[in-house]
Amino acid sequence: MISVSDDKHVFSLSAEAVPAARMRVGQTVRLETADCFAGQIRAPGEAPAAVDWARINPATGPVFVEGAAPGDVLSVLVERIEVAPQGVMAVSPEFGVLCERIPATVFEIVPIDGGLARLPGGFEVPVRPMIGVIGVAPAGAPVACGSPGSHGGNMDTWLIAEGAVVYLPVAAPGALLVAGDLHAVMGDGEICGTGVEVAGSVTLRVDVRRDLEFVNPVVETSELVATIASAETLDEAADLATRDMADLVIQRLGLSVATATMLMSAAGQLQVSQVVDPLKTARFCLPKRIIARLGRDLV
Ligand code: CA
Ligand code: ZN
């Protein structure tokens, strides 16, 4: 297996980036990842002034995937996510939905043990490890790892967990895959601007699909398929995710617009992934069980 350590990281995704490693389609890669603060917060009471905000949201890579070309869709199976025994959360007047109520930046260390994240206040939250940032080089100008988009990036979508497949439209030769920003657990919205941010590693099996035409990322779990879209407003992101799912249902299942729309309205779930990155990310989920009778796959 190919392995990439967390010192090989980028702060933006770019078609010009020098690959940290190369792999072939069908291979598996293990990426060690720093947390979104690049490991700068290690102990309780650490001074926020000590944080270099130019060094946040590192993503490990990029990995050049031999044979992946613009127009392909990279299919990335999340085989394994391992997280460190200590995470960190932050609230700040600079970010998050409730920023106006926060007088100063506060970091809290969040111990993780026995499958629980131990939050301030004595609250125990069952962990649900996920990947915050996973993406490929974008088509145009470089995009900071802290931003989501059609290339993936900081989607902060908790569905991107062990067993999920992330489909990413390839825009540059070799795709240039990166991942980072693991969360031990995060709720929909990520309202304070952080989940339980944690270092760790991800093991990814990478394949290429040439029978799919995606403009935006798609995630598949054992239960559902979700289209993922990011935009300036949640309204726009929600519309985009819904339209992407309609395209998928109409093209892949051969349904009429009317039938597809009714199916999505009755059985689909339009959900919020995150509202803080600073683009907003929405997703449209359709359960696989409901379309099983057609004998055709959405992806
Ligand atoms: Ca994130
Ligand atoms: Zn994060």
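Contact is defined here as heavy atoms within 4.5 Å. The structure is a predicted model, in which local features need pLDDT of at least 70 and side-chain atom pairs count only at pLDDT 80 or more, while totals for chains, interfaces and linings use all residues. Residues are numbered from 1 along each chain as its sequence is written, chains are lettered from A and ligands numbered from 1 in the order in which they are written, and side-chain values use heavy atoms, with hydrogens and water left out.

By the contact criterion, and leaving aside neighbours within four places in sequence, Thr105 touches Pro48, Val91, Ser92 and Pro93. Thr105 is placed in the loop between strand E7 (73-91) and strand E8 (106-113); helices (H or I, at least four residues) and strands (E, at least two) are DSSP runs, numbered from the N terminus. The side chains of Thr105 and Ser92 make a polar contact at 3.0 Å. A polar contact is a pair of N or O atoms within 3.5 Å; within protein, one must be able to donate a hydrogen and the other to accept it, and residues adjacent in sequence count only if both atoms are side-chain atoms.

The calcium ion (ligand 1) is coordinated at 2.1 to 2.5 Å by Asn154 (OD1), Asp156 (OD), Asp156 (OD) and Asp181 (OD). Donors are N, O and S atoms within 2.8 Å of the metal (3.2 Å for Na, K and Ca); water is not among the atoms, so sites may look incomplete. Along the sequence, the donor residues of the calcium ion (ligand 1) follow the spacing N-x1-D-x24-D. A separation of 3.2 Å is found between the calcium ion (ligand 1) and the zinc ion (ligand 2), and Asp181 coordinates both. Asp156 lies in the loop between strand E14 (152-154) and strand E15 (165-169), and Asp181 in strand E16 (residues 177-183), so the pair ties together parts that are 25 residues apart in sequence. Asp156 counts as buried because its relative accessibility is 1%; buried means under 20% relative accessible area, exposed over 50%, and partly exposed in between (1.4 Å probe, protein chains only). Asp181, at 2% relative accessibility, also counts as buried.

The protein is divided into domain 1 (2-85 + 127-209) and domain 2 (218-292), with bounds that come from an automatic or database domain assignment. The centres of the two domains, taken over C-alpha atoms, are separated by 22 Å. At the interface, 24 residues of domain 1 are in contact with 19 residues of domain 2. About 1500 Å² is buried between domain 1 and domain 2, and carbon and sulfur atoms give 54% of this area. Buried area is the accessible area (1.4 Å probe) that two parts lose on being put together, summed over both. Pro148, Leu159 and Tyr167 supply 33% of the area that domain 1 buries against domain 2, more than any other three residues.

Polar interactions also span this interface: 8 residue pairs are in polar contact across it (both at pLDDT 80 or more). The count between domain 1 and domain 2 is 1 salt bridge, defined as a side-chain nitrogen of Lys or Arg within 4 Å of a carboxyl oxygen of Asp or Glu. Arg283 forms a salt bridge with Asp188, with the closest N and O atoms 3.0 Å apart. On the side of domain 1 that touches domain 2, strand E13 (148-149) and E15 each supply at least two residues. The largest share of that side, 3 residues, comes from E15.

Ser201 lies in strand E17 (residues 197-209) and is buried, with a relative accessible area of 2%. The side chain of Ser201 makes a polar contact with that of Arg30 at 3.4 Å. Beyond four places in sequence, the residues in contact with Ser201 include Arg30, Glu32, Arg80, Glu82 and Leu182. By contrast, Arg243, in helix H1 (residues 234-253), is exposed, with a relative accessible area of 55%.

Several backbone features were also identified. The peptide bond joining Gly61 and Pro62 is cis, with omega about 0°, and Pro62 lies in strand E6 (residues 59-66). A further cis peptide bond runs from Asp277 to Pro278, with omega near -15°; Pro278 lies in the loop between strand E20 (269-274) and strand E21 (280-287). Ala38, in the loop between strand E5 (28-33) and E6, has a positive phi near 55°. Ala175 has a positive phi near 65° and is placed in the loop between E15 and E16. At 0% relative accessibility, Ala175 counts as buried.
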